[in-house]
Amino acid sequence: MTTFRQDVATLGSGWNKTLLNYALAMRALDEQPIEDRNSWKFLGAMHGFHPQLWVNERLIKTGAPIPVDLTNNTFGNQCQHGSWYFVSWHRAYLFAFESIVAAKVKELTGDDWLLPYWNYLNSNNPKALYLPDAFVAKTLPDGSPNPLCKYPRRPGITKLQPHGGFSLEAMDENDFTVGNGTLGFGGGITGDFVQFDGIAGELEVNPHNTVHGLVGGYMGNALLAGLDPIFWLHHCNIDRLWEAWMNTPGKTMVKDPRWSNGPADRSFIMPVPGDNAPGVTFTSKDTLKGGKFYRPYDDLVSGTGVTPGAIAVARVNMGSPTQQTVLPIGANTTAVKVGGASVDTHIDLEPTAAAKSIATMGANTLGKEVARLYLSLESVRGSAPSPLLDVYVNLPDGADPALNADRLAGSLTLFGLNVASQTDGHHAGTGLGYTIDITDLAQRLTDAGDFDPNHLRVTLVPGEQISDEEPVTVERISVLKRSGVVS
Ligand SMILES: [Cu+2]
């Protein structure tokens, strides 16, 4: 058997054997009761679980037995977002899921099986943005209902329809974590288990969150996402992007023991195939090459934006992460609430620092100081599962944002906002945190004579799932200056 995970687009159109076997196994696992740790619903509930929501969605019956290891969060509500455990926890989750599905495929058909990935940003495949046919077909080849499209998505979706900001730019970042976790590819620093922590890494923000929002339906809600079979092909590609990134010279993966041996306050745990055995505990290092949750890929170049083995040239190397500094150079003074209309907020900048950032942004001479600028949105809260928020900088007064794409700093999909804003026993309700790289935008503003080192105007433009009835609050917006030395 092949021991590499493969691009689903290379497996043949329609009902190729891998996807037919996936559908057969999913149908069988979805019929198993939620008490069974190999059941489809148990596996989905590991990502996110909310008993009342699941009753409302008719996933479980009112009063039906719910296993205690889901409600006490031994196995339920495990997904790690907004921290540097995002990549490692999801990698182990994929591996456990793949092992359980493979065991079912073996039992049903005798075939071997590995999880394929959805290479949606492969510019060499004109059909890359399309969901594989088998995920939208009404029926299996034998005419029975197709389990791969059983759970809801955006009505009629056959293809991702990005409205901007869907890219591999995250792969340009050279450091897993910088500035004590404020910035980087992989997410904020934590030593503890946190389902939704405060700082999402670049990979998580985009393409990860973006694809969750674009598929929509269950995929757009962290409490339901794991139930959509396309979730696993999406996360498989995110996992491959991490692997490609780590294998590219110039990228610095974190070596901090808090990451490698974490979390400290409790163990990560995954179920195993076959029965209700206790499960396997692990730490982040078990997901790296040689670890028990590691699985290789057939290709780390196609659709990844990097070429493992070749030096990354997309972005200037700013030196070792420990020698870089990240400092705030300004912030707004009040929380911003966005409802049905756009809202402006002003940020007073420390003018000397801002001017110096601009002056050193484009530096590429070895040994010279170099800077990048970021917007940081802190404690973003709201009740919707994945609202869209567009962030503009120095939009002219009264201008139509849609006509000023050159002022767009970022399009955020606030995936998991509902969970991160809960104030129940498991969450402090502190919300999500995002950083947006505005270096190129600041350069464009400077070239246009429209960068004032004394202040910046930020406009928040609501997209879907934001309204006066369901607003989003951003506690604080600051500007961060990241400095290093060209190396
Ligand atoms: Cu996800």
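Student: Let's start with a strand. Which residue in S5 is the bridge partner of Ala331?
Tutor: Asp348 is the partner of Ala331. Before we go on, keep in mind that this is a predicted model.

Student: Noted. In which sense do S3 and S5 pair?
Tutor: Antiparallel, over two bridges. S3 covers residues 325-331, and S5 covers residues 343-349.

Student: How many bridges join S5 to S10?
Tutor: Six, and those two strands run antiparallel. S10 is residues 455-462.

Student: Which residue in S10 does Ile347 stand opposite?
Tutor: Leu456.

Student: And how do side chains point in a strand like that?
Tutor: In a regular strand they alternate between the two faces of the sheet.

Student: New topic, the metal. Which residues coordinate the copper ion?
Tutor: Three histidines do: His208, His212 and His235. Each one uses its NE2 atom, at 1.9 to 2.1 Å.

Student: What spacing do the donors follow along the chain?
Tutor: The pattern is H-x3-H-x22-H.

Student: Why are His208 and His212 separated by about one helical turn?
Tutor: Because they are four residues apart in helix H6, which is residues 202-215.

Student: Are those two buried or exposed?
Tutor: His208 is buried, and His212 is buried too.

Student: What about the rest of H6? How many of its residues are buried?
Tutor: 14 of the 14, so H6 is largely enclosed by the rest of the structure.

Student: What span should H6 have, and what does it have?
Tutor: At 1.5 Å a residue, its 14 residues should span 20 Å. The end C-alpha atoms are 20 Å apart, so the two agree.

Student: Where does H6 bend?
Tutor: At His208, by about 30 degrees.

Student: Which peptide bond is cis?
Tutor: The one from Asn206 to Pro207, with omega near 15 degrees. Pro207 lies in H6.

Student: What comes just after H6?
Tutor: Gly216, which takes a positive phi of about 70 degrees.

Student: Let's look at His234. Which helix is it in?
Tutor: H7, residues 230-246. His234 has 0% relative accessibility, so it counts as buried.

Student: Which backbone atom of His208 lies 3.2 Å from a polar side-chain atom of His234?
Tutor: The backbone oxygen of His208.

Student: What else does His234 touch?
Tutor: Leaving out residues up to four places away in sequence, it touches Tyr120, Pro207, His208, Val211, His212 and Met219.

Student: Is Asn77 buried or exposed?
Tutor: Buried, with a relative accessible area of 10%. Asn77 lies in the loop between H4 and H5.

Student: Which backbone nitrogen lies 2.6 Å from a polar atom of its side chain?
Tutor: That of Phe49. Asn77 also has contacts with other residues, including His47, Phe193 and Leu223.

Student: Last one. Which helix holds Ile358?
Tutor: H9, residues 351-360. Ile358 counts as buried, at 15% relative accessibility.

Student: What does Ile358 touch?
Tutor: Leu373, Ala442, Thr446 and Phe451, not counting residues up to four places away in sequence.

Technical notes:
Residues are numbered from 1 along each chain as its sequence is written. This is a predicted model: local features need pLDDT of at least 70, side-chain atom pairs count only at pLDDT 80 or more; totals for chains, interfaces and linings use all residues. Side-chain values use heavy atoms; hydrogens and water are left out. Donors are N, O and S atoms within 2.8 Å of the metal (3.2 Å for Na, K and Ca); water is not among the atoms, so sites may look incomplete. Buried means under 20% relative accessible area, exposed over 50%, partly exposed in between (1.4 Å probe, protein chains only). The expected span of a helix is 1.5 Å times one less than its number of residues. The bend at a residue is the angle between axes fitted to the seven residues ending there and the seven starting there. A polar contact is a pair of N or O atoms within 3.5 Å; within protein, one must be able to donate a hydrogen and the other to accept it, and residues adjacent in sequence count only if both atoms are side-chain atoms. Contact means heavy atoms within 4.5 Å. Two strands pair if DSSP finds at least two bridges between them.
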